[in-house]
Amino acid sequence: MRPIRNPVIQGVLSRLMAGWMRLCFATIRWRHENRDLVEAAWAGGGPVIIAFWHSRIGLAPAAWDHGRGQPVRALISLSPDGQFIADAVARLGFPAIRGSSQKKERPEKAKGGSQALRDALKWLKSGGAVTLTPDGPRGPARQMGEGLAVMARMSGAPVLLLGLSCRPAIRLNSWDRAMLPLPFARGAMVWDRVEIGRGVDPASVIDAWTARLTAVEDRAETLAKT
C-alpha cells in the first residue's frame, strides 16, 4: 500500500490540509468578477451545479457562502487517493458524493460513476448544489467530458462555471499542476453561467463550455497577478 493511501495518514493529512486552507482563505485578498451570477443563485434557491477545473480543488471551497447558499455536496473520485481529498473538503462543509468519470472505451473501469450520478441527481432534485471537476479525476487537464452536460440536462439545473487563482501559490507536480493557496496571497474568483435544454445532445455543448470554463480561469489568473 502506498503511504498516502494509509487511512491513518490520510486522516492526519486531511486535517492538516483543511486547517491550512481555512487559514489561507481567511487571509487571501480576494477579487471578484461576475459575482452577481452566484448571488442570484443563492437568492433564488433551487438546484445548481458548480464546475471548475481539477487544478483548482484547493481553492474552490472559498467560493461558496454556506450561510447564504444551498446545501452543497462535492462529486469526488472513488479512487483511494480521492478519500484524502474528500475528507479535507468535507471538513470545509462539502460532504462528498463519491464516484468518478466513466471511460467509454473501458466501462469496466468505472468507479461508481453511475451511482454517483444517481446520487447527485437526487441531491439536485432536493434543491441542493453539486460541485464537480469536469476534467477529473485523471485528466487530461482542461478537457471536459460529457458528465457535466449530462447531469445538467437530466436535472434541469443551471451550471455556474468558476475560475479561481491566487498568487503566490504552491503548484504541485501533478497531471493538472494543482494549485494550493498560500496565506496573504492575492486571489480571484470569476463566474459564468450556462444551461442546456433537455432535448439537447450533451456532446454538442462540450467545446463551448470548455472554452468558457477555461476563459474564466484565465481571467482569474490575470486578476490575481494585478
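Here are some questions and answers on how the labels on this predicted model come about. Residues are numbered from 1 along each chain as its sequence is written, and side-chain values use heavy atoms, with hydrogens and water left out. As this is a predicted model, local features need pLDDT of at least 70 and side-chain atom pairs count only at pLDDT 80 or more, while totals for chains, interfaces and linings use all residues.

Q: How do you know that the length of helix H1 agrees with its number of residues?
A: Helices are DSSP runs (H or I, at least four residues), numbered from the N terminus, and strands are runs of E with at least two. The expected span is 1.5 Å times one less than the number of residues. For the 21 residues of H1 (residues 7-27) that gives 30 Å, and the end C-alpha atoms are 30 Å apart, so the two agree.

Q: Why is threonine 214 called buried?
A: Buried means under 20% relative accessible area, exposed over 50%, and partly exposed in between (1.4 Å probe, protein chains only). Threonine 214 comes in at 17%, so it counts as buried. You'll find it in helix H6 (residues 206-225).

Q: What makes a polar contact with the side chain of threonine 214?
A: The side chain of tryptophan 53 does, at 3.4 Å. The rule asks for a pair of N or O atoms within 3.5 Å; within protein, one must be able to donate a hydrogen and the other to accept it, and residues adjacent in sequence count only if both atoms are side-chain atoms.

Q: What makes S1 and S4 edge strands?
A: Two strands pair if DSSP finds at least two bridges between them. The open sheet of seven strands runs S1-S7-S6-S2-S5-S3-S4, with mixed pairing. Strand S1 (29-33) and strand S4 (96-98) each have a single partner strand, so one side of each lacks a neighbour in the sheet.

Q: How do you know that S2 pairs with S6?
A: Three bridges join strand S2 (residues 48-51) to strand S6 (residues 159-171), and the two run parallel. Alanine 51 stands opposite leucine 161 in S6.
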